[in-house]
Amino acid sequence: MNNSPPGNKTSGLKTARHLLPGPGAGNVPGGAGEPGALGLLRLCLCLCLAGVLLAPGCRGAQGRFAYKLLHELFANYSSALRPVEDTDRALNVTLQVTLSQIIDMDERNQVLTSYLWVRQAWLDAHLTWDKDDYGGIDSIRIPSSYVWRPDIILYNNADEHFGGSMETNVVLRSDGLIMWDSPAITKSSCKVDVSYFPFDGQRCRLTFGSWTYNGNQIDLRNRLDSGDLTDFVENVEWEVLGMPATRNVVTYGCCSEPYPDVTYTLLLRRRASFYIFNLLLPCIMVSFLAPLGFYLPADSGEKVSLGVTVLLALTVFQLLVAESMPPSESVPLIGKYYIATMTMITASTALTIFIMNIHHCGPGARPVPPWARRLILHHMARLCCVHEVGESCKSPPRAPGGRGNGGDGAGGPWESPGQGEVGAEAGGCPRGRCPCHHDALLRNVGYIAGCFRRHRANQRRAGDWKRVAKVTDRFFMWIFFLMVFLMSVLVLGNAA
């Protein structure tokens, strides 16, 4: 608004008129008037001063033209009718979607929440004007409720409130082109495939179309071949690979008319670093603890406890994964790894119980069969590098039925220094030359020697079974280490 007094414009004009040269001044060279150059200079100064003083009035005229234009445009206008001259022709509507942010991806409920900028453009045949008649006004901005708008909605909307776009202004041009830019926070249904979680990628579709106007009334088309990602705010969990747009014409079962729609396919790839460090690596490290249960000494009493503890830890990780995944028939890749690892640990715990039963065979156990002695105590022991005290992996192999330190021969650990001589005298000395002439004494000595031999044989059999258990422990430890390694490589290979 101009705050200068009303008389300023009149006084300015008078001042400018006073500066003009008089009649004939400057026209006669060397006359009484001013020179021609000075007269032209005063004329330019006058025009500039008049333009400065009249500028606020021109701006006010521009506002009056806009008010007049708005009043005349909407005098007989109805926003309820489709703005076409020929009702048999379809109205062209172009759609462009800009992805600003991915707010949330709810895999369990299969809902994608995103922040979009939706631009719609169409021609309104009833809202055109000649800009020369209205002070050169080429475009105006008015509330969107003033004009007719296409009922373009998100078909796969998953919002319980079903809210639409924000009521923003539209840009109306003199040729009748209307551009409506409106931001919207949408919740769309998205079919989530978690088969390769956490190395998965998702394809979420955003389908826009008219709810009541068919293809004969509105021709909906996409402005670009893909969504606009220039203003996209990066998401910490999902990486956007692209957003291609396709136009589809669908005939539904309820109606015979075709209904066009524009579908934007949002290509997403999960950033797996968080899940690798919080779910996958702990599982791999816990899995490598399971084979170490075979290396634990059987007399420690903690072999079964270690297996059960590892099994409970993997169960907790499995529950964490199951809580975030949708209930479906497709099991995630990390879930398959957990199940395979839990099955392996269950098998290792069962084998540990079986091996401990072999280890604790009592004195009444049968001798080790020849095939088991040859296979386990000879070949597998050398393969797994299991040796007794004083032996090494490079020591010569023991005879399958040979006697070592724990054998029945003389010089065994359970044989006293004079036992051989006593037995020889008791069994081989002639009665006439033996200093012991009492039969009862000889029988007692023979009985003690027999008991000692039986005890020594029982101890040797128990030692053989303990050695069988030790070799079996080492063999299964390497087998399960290899299984854990192969499963880990298989999981990472499928993810790649």
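Colleague: Let me start with two helices: what is the handedness of the crossing of H3 and H6?

Modeller: A crossing is left-handed if the near helix is turned anticlockwise from the far one by less than a right angle, and right-handed if clockwise. Here the crossing of H3 and H6 is left-handed. Before we go on, please keep in mind that this is a predicted model, where local features need pLDDT of at least 70, side-chain atom pairs count only at pLDDT 80 or more, and totals for chains, interfaces and linings use all residues. Residues are numbered from 1 along each chain as its sequence is written, and side-chain values use heavy atoms, with hydrogens and water left out.

Colleague: Thanks! How many helices and strands does the protein chain have?

Modeller: Helices (H or I, at least four residues) and strands (E, at least two) are DSSP runs, numbered from the N terminus. The protein chain has nine helices and eleven strands.

Colleague: At what angle do H3 and H6 pack, and how far apart are their axes?

Modeller: Axes are lines fitted to C-alpha atoms, for helices over the stretch in contact, and angles run from 0 to 180 degrees between N-to-C directions. Helix H3 (residues 273-289) and helix H6 (residues 333-359) have axes 11 Å apart and pack at an angle of about 15°. That makes the two helices, H3 and H6, roughly parallel. The word has cut-offs: under 35 degrees is roughly parallel, over 145 roughly antiparallel, 65 to 115 roughly perpendicular, and the rest oblique.

Colleague: Which residues of H3 and H6 meet?

Modeller: Contact means heavy atoms within 4.5 Å. From H3 come Leu-279, Leu-280, Cys-283, Ile-284 and Ser-287, which meet Ile-334, Tyr-337, Tyr-338, Thr-341 and Met-344 in H6. By class, the residues of this contact of H3 with H6 are eight nonpolar, two polar and no charged. For these classes, Ala, Val, Leu, Ile, Met, Phe, Trp, Tyr, Cys and Pro count as nonpolar, Asp, Glu, Lys and Arg as charged, and the others, Gly among them, as polar.

Colleague: And how do H3 and H5 pack: roughly parallel or roughly antiparallel?

Modeller: H3 and helix H5 (residues 303-324) pack at an angle of about 165°, with axes 10 Å apart. They are therefore roughly antiparallel to each other. H3 passes H5 in a left-handed crossing. On the H3 side, the contact is made by Asn-278, Leu-279, Pro-282, Cys-283, Val-286 and Leu-289, and on the H5 side by Leu-306, Val-310, Ala-313, Leu-314, Phe-317 and Val-321. The contact of H3 with H5 has eleven nonpolar residues, one polar and no charged.

Colleague: What about the backbone: which peptide bond is cis?

Modeller: Most residues other than glycine have a negative phi, and most peptide bonds are trans. The bond from Phe-197 to Pro-198 is cis, with omega near 5°. Pro-198 is in the loop between strand S6 (177-189) and strand S7 (201-210).

Colleague: And which residue has a positive phi although it is not a glycine?

Modeller: That is Gln-110, with a phi of about 55°. Gln-110 sits in the loop between strand S1 (91-106) and strand S2 (111-123), and counts as partly exposed at 30% relative accessibility.

Note on methods:
Buried < 20%, exposed > 50% of the residue type's maximum accessible area, 1.4 Å probe, protein only.
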